[in-house]
Amino acid sequence: MDLLASYGDDEDRSPLDAPESPTAAAIAASAPKLNLSISAAPQVDTTGLVLRGNEAKSLGEVRKLQDAGARKVMYNLPVEDMHAPVLGPAHPYSRDGLAAGLKNHFVGHVEDAHMHPIHFEQQYHNFHALGFGEAPSGIGVVGKPVDEDAVEAAEEGGPSAWKRRKTTQERKAEQVARAERLAAPFDPSAPFSLQERQPWASKQAEIAELTEEQKEFIAKAEAAKLEAAAGSVDKQGPTSFFHAKEEKDYQGRSWILPPRDKKNESDSCFLPKRWVHTWAGHTKGVNAVRFFPGTGHLLLSAGMDGKVKIWDVYGSGKCMRTYLGHSKGVRDVCFSNDGRRFLSTGYDKNIRLWDTETGQCIKSFNTGKVYYCVKFHPSDDKQNVFMSGCQDKKIYQFDTDTGESVQEYNYHLGPVNSVTFIDDGRQFVSTSDDKTIRVWEFGIPVQIKYIADPSMHSMPVVATHPSKNYLLMQSLDNQVLTYMVKDGRFKSMKNKTFKGHNTAGYACQVGCSPDGKYVMSGDSEGRCFFWEWGAPQKIVRTIKAHDAVCIGAEWNPMESSKVATCGWDGLIKYWD
């Protein structure tokens with residue numbers, strides 16, 4: 001109270017100075033308040049900033065950092081950027097980011113700190129191959145040796161699974177020892193070791209003594225082999241064997257003459273439905289079959305075993321004669337117009353002219369090159385002329401009277417696969433591996449028409465339609481294309497394309513029925529396809545003919561519903 005009194009007496013104060021009693025509103029208004037809209041922290045603009053380490057850097061500065069996976073530096077980097085940490089995060093197995101520049105192992109990064117990688121690899125392989133390796137400290141070994149040889153190797157300078165290159169003296173000593181071992185007489189009773197064959201080095205083979213029957217069989221096989229070698233084509237020359245009983249019948253008629261009672265069944269052709277006969281005589285695949293011209297009572301076949309065989313079709317169905325004149329596979333055969341002679345060409349680079357009846361090789365033609373096709377001239381007065389497509393990109397015209405090549409047609413850029421005469425023999429068409437078609441005037445080595453297109457494929461086989469106005473070409477893009485050859489014109493028929501089979505990579509023969517109603521072709525899966533020549537060009541029949549590639553198919557010229565097929569399974573089948 002004394003303190004309050006010291007401020008003055010009540011008399012000294014003016015009435016205006018007398019304080020009023022405070023109200024509740026005044027008390028609430030005079031209380032301190034917090035302004036929450038104002039932050040005590042300073043304002044920071046984070047636009048365009050990224051956190052690198054403990055510092056905030058602008059995005060422009062960060063972009064200047066060198067990428068860890070980059071192989072080129074396009075500007076001078078400052079020291080702080082070169083030693084800056086790699087930005088993350090990044091997947092450890094991604095092709096970029098963290099694993100791009102630092103990964104030198106398939107699971108990450110390994111630093112070669114203690115030893116060189118070549119020493120580590122050597123000891124690693126030693127440990128797994130020999131069972132032990134040199135200790136990392138350089139004293140002693142780690143692991144247990146498998147054999148004593150490894151211990152000796154370790155004493156000589158350390159174990160090694162890597163083979164040391166032998167010296168010249170060591171190699172010569174091994175060769176001398178091996179020669180002595182091979183020159184020594186063989187003793188069946190003594191066991192021999194298979195030391196040179198590592199997986200069975202510890203085993204010994206038991207040699208059983210041969211029986212008398214086995215010795216006799218081996219002696220016969222060796223004699224047969226020597227006899228075959230002595231009678232080979234190269235030593236004996238071309239020859240033939242007749243398999244039937246007699247070459248002439250009781251009337252003195254030759255075996256190649258057609259039967260008198262056989263006549264043309266019908267002018268209309270029908271699709272074959274069943275398998276009626278098989279000719280099996282070739283030991284390898286059959287490349288081509290050709291019916292006897294006009295009558296079809298004989299069938300000529302060219303085999304990859306180097307043999308040409310002729311078969312009876314209407315009678316016994318057996319092989320009549322075998323012609324041995326090629327040491328390698330026969331590529332193509334061709335009858336003359338009367339069937340008395342035929343040509344054969346093989347991979348032994350020989351063309352041989354045969355007498356069908358006697359089996360005599362009349363002439364041989366050899367220029368040191370492989371011929372892929374042979375074709376007689378269709379005119380009866382030019383049966384001494386034939387054409388052959390060669391692997392040296394030329395077409396050769398031979399004369400059988402002189403035995404020499406009289407003309408060469410050289411415009412193709414690849415091996416010639418087929419030669420087909422058109423316009424009654426006045427012109428011919430050739431196809432080649434260069435994917436072109438060329439038309440020639442017979443006797444004039446200048447092409448008169450050249451057909452080539454980037455979309456074209458090679459056409460290894462060509463056949464003539466019975467109307468002689470169209471050519472059927474087997475294209476290697478699984479199509480049979482048709483070209484019109486009429487009145488000197490050569491035009492592609494886009495509306496006559498036959499598809500559905502698979503011939504890519506194979507020169508499957510294409511053919512046509514004698515009445516021209518059906519088109520036929522084999523394929524690489526052993527099937528034989530038949531199409532309608534008419535407007536739809538649809539597949540009307542498919543036959544599973546062979547287990548391997550059905551390379552050849554020929555329609556019988558007299559029996560209008562029968563077809564012969566050949567394949568690389570070595571069989572020739574007859575279908576009705």
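The protein in this predicted model exposes about 35,700 Å² of surface, and carbon and sulfur atoms supply 53% of that area. Of its 576 residues, 36% count as buried. The chain contains 10 helices and 35 strands. If we take the contacts with a separation of 6 or more, residues 24 or more positions apart account for 44% of them.

Which residues have the most contacts inside the largest nonpolar core? They are Trp255, Leu298, Leu300, Val308, Ile310, Tyr323 and Phe342, in a core of 16 residues. Four strands each supply at least two residues of this core: β10, residues 298-303; β11, residues 307-312; β12, residues 319-324; and β13, residues 330-335. There is also a second, separate core of 15 residues, and among its members are Val286, Cys319, Val549 and Ile551.

Take Leu300 from the 16-residue core. Setting aside residues up to four places away in sequence, Leu300 touches Ala288, Val289, Arg290, Val308, Lys309, Ile310, Val333, Phe335 and Phe342. Please find Leu300 in the structure and go through that list of contacts.

Start with β27, which covers residues 479-486. How many of the eight residues of β27 are buried? Seven are, so the strand is mostly covered, taking buried to mean under 20% relative accessible area.

On one side of the pairing is β26, residues 470-475, which runs antiparallel to β27 over six bridges. One of these pairings sets Gln474 against its bridge partner Val480 in β27. The two strands form a hairpin with three residues between them, and Asn478 in that turn has a positive phi of about 65°.

β27 also pairs with β28, residues 489-499, again in the antiparallel sense, over seven bridges. Here Val480 stands opposite Phe498 of β28. So what lies between the strands of this second hairpin? There are two residues, and Asp487 takes a positive phi near 55° in this hairpin. Val480, then, is the partner of Gln474 and also stands opposite Phe498.

On to charged side chains. Side chains of opposite charge can pair when their charged atoms come close. The structure holds 15 salt bridges, and I will go through a few.

Arg253 and Asp249 meet through their side chains in a salt bridge, at 3.6 Å from N to O. Asp249 is partly exposed, with a relative accessible area of 31%.

The side chains of Arg274 and Asp576 form a salt bridge at 3.9 Å, N to O. Where in the chain do Arg274 and Asp576 lie? Arg274 is in the loop between β7, residues 239-242, and β8, residues 275-280, while Asp576 is in the segment after β35, residues 571-575. The two are 302 residues apart, and the pair links distant parts of the chain. Arg274 is exposed, because its relative accessible area is 52%. Asp576 counts as partly exposed, because its relative accessibility is 22%.

Lys369 and Asp392 also meet in a salt bridge, 4.0 Å from N to O. Lys369 is in the loop between β16, residues 361-365, and β17, residues 371-376; Asp392 is in the loop between β18, residues 385-390, and β19, residues 395-399. These two are 23 residues apart. Is Asp392 buried or exposed? Asp392 is buried, because its relative accessible area is 19%, and the limit for buried is under 20%. Lys369, at 27% relative accessibility, counts as partly exposed. Elsewhere, salt bridges that share partners join Lys248, Arg340 and Glu357 into one network.

Asn350 is in the loop between β14, residues 341-346, and β15, residues 351-355. It counts as buried because its relative accessibility is 12%. The side chains of Asn350 and Asn366 are joined by a polar contact of 2.6 Å. Leaving aside neighbours within four places in sequence, Asn350 is in contact with His326, Ser344, Thr345, Phe365 and Asn366.

Gly294 is in the loop between β9, residues 286-291, and β10. Gly294 is exposed, because its relative accessible area is 54%. Not counting residues up to four places away in sequence, Gly294 touches Pro557 and Met558.

How values were computed:
Residues are numbered from 1 along each chain as its sequence is written. This is a predicted model: local features need pLDDT of at least 70, side-chain atom pairs count only at pLDDT 80 or more; totals for chains, interfaces and linings use all residues. Side-chain values use heavy atoms; hydrogens and water are left out. Buried means under 20% relative accessible area, exposed over 50%, partly exposed in between (1.4 Å probe, protein chains only). Two strands pair if DSSP finds at least two bridges between them. Contact means heavy atoms within 4.5 Å. Accessible areas come from the Shrake-Rupley method with a 1.4 Å probe; for residues, only the protein chains shown count as cover. A nonpolar core is a set of buried Ala, Val, Leu, Ile, Met, Phe, Trp, Tyr and Cys residues joined through side-chain atoms within 4.5 Å. A polar contact is a pair of N or O atoms within 3.5 Å; within protein, one must be able to donate a hydrogen and the other to accept it, and residues adjacent in sequence count only if both atoms are side-chain atoms.
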